[in-house]
Amino acid sequence: MEARRDTYRKLLWAEREAIHGLLKRNARFGLLSRAGETELSQYDNHPADTAGDLFEREKDVALMNDAFEQLSEIDAALERLNRGRYGLCEACGRPIDPKRLLVVPTARRCIQCQSEFDDARKADEAARGRTTRPAEEDVIGGLRPAREDRLRGEPGVDGEDVWQMLEHYGSSDTPDSIEPKM
Ligand SMILES: [Zn+2]
C-alpha cells in the first residue's frame with residue numbers, strides 16, 4: 001500500500017503542478033493582458049468587440065474558478081493520504097477501485113456512490129428549477145435571480161442594472177466618441 005500511496009501522491013502533485021502552471025500562464029497572458037488591452041482598444045471600441053472581450057474574460061474567470069476548485073480537491077486528497085483515509089469511499093466506506101484512483105486520483109467516492117451522488121445532485125437541481133447552465137452564468141450570476149424575480153412578478157434586474165454591472169468593463173463613451181463641443 002505504501003508504494004501505491006506514493007504513486008497517488010506523485011499523480012496528485014503532477015496535477016497540482018500542471019494547474020499551477022495553467023494559472024500562472026492565465027494570469028500573465030489572459031486576464032492581466034486583457035485588462036491592459038481595453039485601455040488601448042477603446043479607440044475603436046465597437047460594442048460587439050466589447051461583448052466579445054467580456055465573454056472571453058468571463059470564460060477565463062470560469063476556467064480560473066475551475067482550476068481553483070481542482071486545486072482544493074487535490075489538497076483534500078493529499079490530506080486524506082496523510083491521514084491514511086485515502087482511497088476509501090466517503091459514502092459507503094469501501095475501498096475505491098485502484099484503477100479509478102489512477103484515472104481520477106482526487107476521487108472521493110467509489111463508482112457506484114459517485115453515480116448515485118451525481119444523480120441526486122441532478123434531481124436536486126431539477127427540483128429547484130435549475131438545469132445545467134453554462135459556466136458563464138456563475139460569473140454573471142446576478143442575472144439568474146432576475147429571471148426568477150420576473151417569474152414571481154417582481155421587477156428584478158432590468159437592462160439599466162445590467163448596464164451598470166457591465167459598464168466598468170469599459171463603455172463606448174470614450175472621449176473619442178463624444179462629439180467635440182465647439
Ligand atoms: Zn461507495
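Modeller: Leaving aside neighbours within four places in sequence, Ala-77 is in contact with Leu-12, Tyr-86, Pro-105 and Thr-106; two residues are in contact if their C-beta atoms, placed from the backbone, lie within 7 Å. The model is a predicted one, in which local features need pLDDT of at least 70 and side-chain atom pairs count only at pLDDT 80 or more, while totals for chains, interfaces and linings use all residues. Residues are numbered from 1 along each chain as its sequence is written.

Ala-77 belongs to helix α2, residues 47-82. Helices (H or I, at least four residues) and strands (E, at least two) are DSSP runs, numbered from the N terminus. Ala-77 counts as buried because it has 25 C-beta neighbours inside 10 Å. A residue is buried if 20 or more other C-beta atoms lie within 10 Å of its own, exposed if 12 or fewer, and partly exposed in between, with C-beta atoms placed from the backbone. Tyr-8 is 69 residues from Ala-77 along the chain, yet their C-alpha atoms are separated by 9.2 Å.

Lys-10 is found in helix α1, residues 2-41. With 11 other C-beta atoms within 10 Å, Lys-10 is exposed. Its C-alpha atom lies 10.0 Å from that of Leu-78, at a sequence separation of 68 residues.

The loop between α2 and α3 contains Gly-93, which is exposed, with 9 other C-beta atoms within 10 Å. Gly-93 and Arg-109, 16 residues apart in sequence, are 8.6 Å apart from C-alpha to C-alpha.

Further along is helix α4, residues 111-127, whose 17 residues should span 24 Å at 1.5 Å a residue; the end C-alpha atoms are 24 Å apart, in agreement. The expected span is 1.5 Å times one less than the number of residues. The number of buried residues in α4 is zero, so this helix lies largely in the open. Gly-129, which follows α4, has a positive phi, near 75°.

For the protein as a whole, the secondary structure comes to seven helices and zero strands. Buried residues make up 5% of its 182 residues. Of the contacts between residues at least 6 apart in sequence, 59% join residues at least 24 apart.

Confidence is given by pLDDT, the predictor's confidence in each residue, from 0 to 100. Its mean for the protein is 77, and 58% of the residues reach 70 or more. Confidence is highest in helix α3 (residues 98-103), at a mean of 95, and lowest in helix α6 (residues 143-151), at 52. Over residues 33-37 the pLDDT is below 50, and this stretch has three contacts in the model beyond near neighbours in sequence.
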